[in-house]
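Please consider the model below with attention to its strands and helices. The explanation that follows takes the sheet and then the helices in turn.

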Amino acid sequence: PGPRLVRARPGARRHGRGGARGGPRAAAPPPPAGAPAAPGGRGGRREPPEIIILTTFDSDDHILRAMRAGASGFLLKHTPPPEIVRAIRQVASGEPMMSPAVLRRMMAYVAESGADPRRARARDLLARLSDGERAVAALVGRGRTNSEIGKELSLSVATVKAYVSRLLTKLELNNRVQIALLVHDAALDD
């Protein structure tokens with residue numbers, strides 16, 4: 001069985017070739033109970049459906065809001081029907097799908113914004129630390145020994161060791177090298 005309309009936007013009027021303006025036109029139905037999983041699919045687990053946005057709006061804000069809300073696909077209204085069907089199948093198999101124009105916009109957005117997910121994650125983690133912990137982490141990132149950190153921050157070596165242990169625990173890291181890499185990823189000196 002092919003795709004079928006599961007839900008249109010509430011209050012949408014039918015027009016044109018049978019679609020609901022601004023709302024989804026088709027969605028893949030869930031597989032029958034006991035059916036084998038599609039490649040990359042989720043087997044028999046019951047989870048919310050994957051969402052594909054089909055719209056005339058392709059602003060960065062609309063695309064980002066849809067992706068942050070969990071949409072697995074974003075297609076523009078002018079997408080040919082065979083491509084919509086291909087997108088539904090692709091998303092149903094666990095792969096994301098975007099119209100080429102949308103993908104180009106997102107690539108440009110990321111390139112322009114300088115967004116680096118590793119940097120953002122590292123900065124988020126370091127922001128959870130106290131000022132003292134962050135100072136010790138920054139010096140570990142510069143390759144300083146416990147003794148050098150103690151002298152620079154006027155702390156005993158035992159206190160520095162306690163800070164390093166707290167950092168490893170708080171940041172869920174295994175060693176000083178990982179702390180240094182996290183500080184490097186955060187690029188706090190930029």
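In this predicted model, strands S4 and S5 pair in the parallel sense, with two bridges between them. Within this pairing, Gly73 stands opposite Met97 in S5. On pairing in general, the strands of a sheet are joined through backbone hydrogen bonds, in either a parallel or an antiparallel arrangement.

Strand S4 (residues 73-76) also pairs with strand S3 (residues 52-55), again in the parallel sense, over four bridges. Here Ile52 is the residue that stands opposite Gly73 in S4.

Taken together, the three strands form an open sheet in the order S3-S4-S5, with parallel pairing. S3 and strand S5 (97-98) are the edge strands, each of them pairing on one side only.

The side chains of S4 can be considered next. In a regular strand, side chains alternate between the two faces of the sheet. In S4, Gly73 and Leu75 point one way, whereas Phe74 and Leu76 point the other way. Are these residues of S4 buried or exposed? Gly73, Phe74, Leu75 and Leu76 are all buried. Helix H1 (residues 60-68) lies across S3, S4 and S5, and runs at about 150° to S4.

Attention now turns to helix H5 (residues 131-141), in which Glu133 lies. Glu133 has a relative accessible area of 3% and is therefore buried, the cut-off for that class being under 20%. What does the side chain of Glu133 contact? The side chain of Glu133 makes a polar contact with that of Arg166, at 3.2 Å. Leaving aside residues up to four places away in sequence, Glu133 touches Tyr163, Arg166, Leu167 and Lys170.

H5 also meets helix H8 (residues 176-186): the axes of H5 and H8 come within 8 Å and cross at roughly 95°. H5 is therefore roughly perpendicular to H8, since angles of 65 to 115 degrees fall in that class. On the H5 side, the contact involves Ala137, Ala138, Val140 and Gly141, which meet Arg176, Ile179, Ala180 and Val183 in H8. By class, this contact of H5 with H8 has six nonpolar residues, one polar residue and one charged residue.

How values were computed: Residues numbered from 1 in each chain as written. Predicted model: local features only at pLDDT ≥ 70, side-chain atom pairs only at ≥ 80, totals over all residues. Heavy atoms only, no water. Buried < 20%, exposed > 50% of the residue type's maximum accessible area, 1.4 Å probe, protein only. Polar contact = N/O pair within 3.5 Å; in protein donor to acceptor, adjacent residues only side chain to side chain. Contact = heavy atoms within 4.5 Å. Axes fitted to C-alpha atoms, helices over the stretch in contact; angles between N-to-C directions. Parallel < 35°, antiparallel > 145°, perpendicular 65-115°, else oblique. Nonpolar A, V, L, I, M, F, W, Y, C, P; charged D, E, K, R; others polar. Pairing = 2+ DSSP bridges.
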